[in-house]
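Biologist: Please show me the model and its sequence, and then take me through the words that are used to describe it. I would like each word to be set against its definition before we draw a conclusion.

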Amino acid sequence: MNTDPIADYLTRLRNAIKANHRIVEIPSSKIKKEITRVLHEKGYIQSYRFDNSSVQGTIKIALKYNPSTKQSAIVNLERISKPGLRKYVHFENLPRVLNGLGVAILSTSQGVMTEKEAKGLNIGGEVLCYVY
């Protein structure tokens with residue numbers, strides 16, 4: 001039993017990037033699927049596929065690397081809200097990551113989205129992680 005599935009998801013991505021893997025396979029859940037969708041929309045991962053052949057299912061993520069420098073598109077993944085200490089923000093206090101170069105992924109009443117999308121809708125929520 002995993003107490004923090006989002007932290008496990010981010011750690012698997014981080015480890016695959018450090019090992020220069022092209023594809024990483026992660027156990028699936030609804031929140032992980034939504035975080036993967038946001039990462040793909042923002043250009044941090046190349047592609048993804050959901051495999052529902054088993055009971056839980058898996059997410060296969062193709063990581064994105066710069067062709068000339070072989071450096072990953074994701075420099076850092078940082079978990080913010082943890083099970084022991086949740087971090088909620090009002091829409092007026094939404095965080096900016098690297099002065100707007102990175103993204104903060106939020107879980108809101110409207111679904112999982114970036115801080116820029118949440119600011120446009122004037123809604124706050126739980127800050128899941130920072131990606132840059």
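**Contacts and cores**

Biologist: Which residues does L63 touch, leaving out those up to four places away in sequence?

Modeller: With those neighbours left out, L63 touches L13, A16, I17, H21, R22, V24, I45 and Q46, where contact means heavy atoms within 4.5 Å. This is a predicted model, in which local features need pLDDT of at least 70 and side-chain atom pairs count only at pLDDT 80 or more, while totals for chains, interfaces and linings use all residues. Residues are numbered from 1 along each chain as its sequence is written, and side-chain values use heavy atoms, with hydrogens and water left out.

Biologist: What makes a group of residues a nonpolar core, and which members of the largest one touch the most others?

Modeller: A nonpolar core is a set of buried Ala, Val, Leu, Ile, Met, Phe, Trp, Tyr and Cys residues joined through side-chain atoms within 4.5 Å. The largest has 25 residues, of which L13, L39, I61, L63, I105 and V131 touch the most other members. Two or more residues come from each of α1 (5-18), β1 (23-27), α2 (30-41), β3 (58-63), β6 (103-108) and β8 (125-131), these helices (H or I, at least four residues) and strands (E, at least two) being DSSP runs numbered from the N terminus. The largest share, six residues, is given by α1. At least three residues are drawn from each of domain 1 (5-63) and domain 2 (77-131), with bounds that come from an automatic or database domain assignment. A second, separate core of 10 residues includes I80, L106, M113 and V127.

Biologist: In what order do the three strands of the open sheet lie, and why are some of them said to stand at the edges?

Modeller: The order is β1-β3-β2 with antiparallel pairing, and two strands pair if DSSP finds at least two bridges between them. β1 and β2 each have a single partner strand, so one side of each is left without a neighbour in the sheet, and they stand at the edges. Neighbouring strands are turned by 20 degrees against each other on average, direction ignored.

Biologist: How do you know that β2 and β3 pair?

Modeller: Six bridges join β2 to β3, and the definition asks for at least two, so the two strands pair. D51 stands opposite T58 in β3.

**Salt bridges**

Biologist: What makes R79 and D4 a salt bridge?

Modeller: A salt bridge is a side-chain nitrogen of Lys or Arg within 4 Å of a carboxyl oxygen of Asp or Glu. The closest N and O atoms of R79 and D4 are 3.0 Å apart, so this pair meets the definition. R79 lies in strand β4 (residues 77-79) and D4 in the segment before α1, so the pair ties together parts that are 75 residues apart in sequence. R79 is buried, with a relative accessible area of 11%, and D4 also counts as buried, at 11%.

Biologist: How many salt bridges are found in the whole structure?

Modeller: The search finds five. One of them joins the side chains of E41 and R37 at 2.9 Å, N to O, and both residues lie in helix α2, four residues apart, about one turn of the helix. E41 is partly exposed at 47%, and R37 is partly exposed at 24%. E34, R37 and E41 are linked in a network of salt bridges.

Definitions and conventions. Buried means under 20% relative accessible area, exposed over 50%, partly exposed in between (1.4 Å probe, protein chains only). Axes are lines fitted to C-alpha atoms, for helices over the stretch in contact, and angles run from 0 to 180 degrees between N-to-C directions.
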